[in-house]
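Morning, everyone. I have one model to walk through today, so let me put it on the screen.

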Amino acid sequence: YISDSMQQYAPILAERLSGASLEATPTSIGCFGHVCHPAGAEGILLVGDAASFIDPFTGEGVSFALQGSQIAADVTLSALAGGGLTPALLRTYERRRAELSRRYLLCDVIQRVVHAPAIFDRALSRLQGRPAVAERLMSVLGGLRPPADALNPAFLWRLLAPGM
């Protein structure tokens, strides 16, 4: 089956699949995200998906990888400047990466809402009727405001509470 959007946005692919037929209903499973210790006593610094996997739905994975790479580069430069990758530098790396953890948590919350249709529909309805709430959420998702602005209980209640 060739959709209109495939025809419009991927005409070469649509042409290649024009004679194809769907043999079974496509199925998939959700991401099994993982988080690990991004720094090891052996002098290893993990970045990108090796440090923590983010479901690509949110589009945050590349941003997190770049931010983690910058932190790793800063720590590596300090290590090269003297003393090697000391336990203190490894702790610095883990502490700075921990700053990303609130963004990871926000992505997890968004994933859970998206995969729960009733909650997702409620959130969309609330966002349509409350421009200030929508602006706040979009500012947080766009990195203009800190994740804590959307992860606090009062904000989540205004966004997700039933019967409001």
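Start with the surface. The accessible surface of the protein chain comes to about 10,800 Å², and 62% of that belongs to carbon and sulfur atoms. Accessible areas here come from the Shrake-Rupley method with a 1.4 Å probe, and for residues only the protein chains shown count as cover.

Some ground rules. This is a predicted model, so local features need pLDDT of at least 70 and side-chain atom pairs count only at pLDDT 80 or more, while totals for chains, interfaces and linings use all residues. Residues are numbered from 1 along each chain as its sequence is written, and side-chain values use heavy atoms, with hydrogens and water left out.

Now the overall layout. The protein chain has nine helices and two strands. Helices (H or I, at least four residues) and strands (E, at least two) are DSSP runs, numbered from the N terminus. Along the sequence the pattern reads α-α-β-β-α-α-α-α-α-α-α. The chain has 164 residues, and 27% of them are buried. Buried means under 20% relative accessible area, exposed means over 50%, and partly exposed is in between, with a 1.4 Å probe and protein chains only. On to contacts, meaning heavy atoms within 4.5 Å. Take those between residues at least 6 apart in sequence: 56% join residues at least 24 apart.

Next, helix α6. It spans residues 117-129, which is 13 residues. From first C-alpha to last, α6 reaches 18 Å, close to the 18 Å expected at 1.5 Å a residue. That expected span is 1.5 Å times one less than the number of residues. Which residues of α6 are buried? They are Ala123, Arg126 and Leu127. Seen down the axis of α6, the buried residues fall within an arc of 100°, so they line one face of the helix. The arc is that of the directions from the helix axis to the C-beta atoms. As background, an α-helix has 3.6 residues a turn, so residues three or four places apart point the same way. The face of α6 turned away from its buried side carries the exposed residues Pro117, Ala118, Gln128 and Gly129. And the packing partners? The buried residues of α6 pack against α5 (101-114), α7 and α9.

Buried in α7 are Val133, Ala134, Arg136, Leu137, Ser139 and Val140. Those buried residues pack against α5, α6, α8 and α9. Look at alanine 134, buried at 18% relative accessibility. Alanine 134 and alanine 123 are eleven residues apart in sequence, and their C-alphas are 9.6 Å apart. After α7 comes glycine 143, with a positive phi near 80°.

Now leucine 159, in helix α9 (residues 153-160). Buried or exposed? Leucine 159 counts as buried, at 7% relative accessibility. Beyond its neighbours within four places in sequence, leucine 159 is in contact with Arg122, Ala123, Arg126, Leu127, Val133 and Leu137. Valine 133 is 26 residues from leucine 159 in sequence, yet 7.5 Å away in space, C-alpha to C-alpha.

Last topic: charges. Side chains of opposite charge can pair when their charged atoms come close. How many salt bridges does the structure hold? Three. A salt bridge is a side-chain nitrogen of Lys or Arg within 4 Å of a carboxyl oxygen of Asp or Glu.

One joins arginine 96 and aspartate 74, at 3.1 Å, N to O. Arginine 96 lies in helix α4 (residues 87-98) and aspartate 74 in helix α3 (residues 61-81), so the pair ties together parts 22 residues apart in sequence. Both ends are partly exposed: arginine 96 at 24%, aspartate 74 at 28%.

Another pairs glutamate 135 with arginine 145, at 3.8 Å, N to O. Glutamate 135 is partly exposed at 44%, and arginine 145 is partly exposed at 29%.

Arginine 145 also forms a salt bridge with aspartate 149, closest N and O atoms 2.8 Å apart. Shared partners join Glu135, Arg145 and Asp149 into one network. Aspartate 149 lies in helix α8. Setting aside neighbours within four places in sequence, aspartate 149 is in contact with Arg136, Val140 and Phe155.

That's the tour. Over to you.
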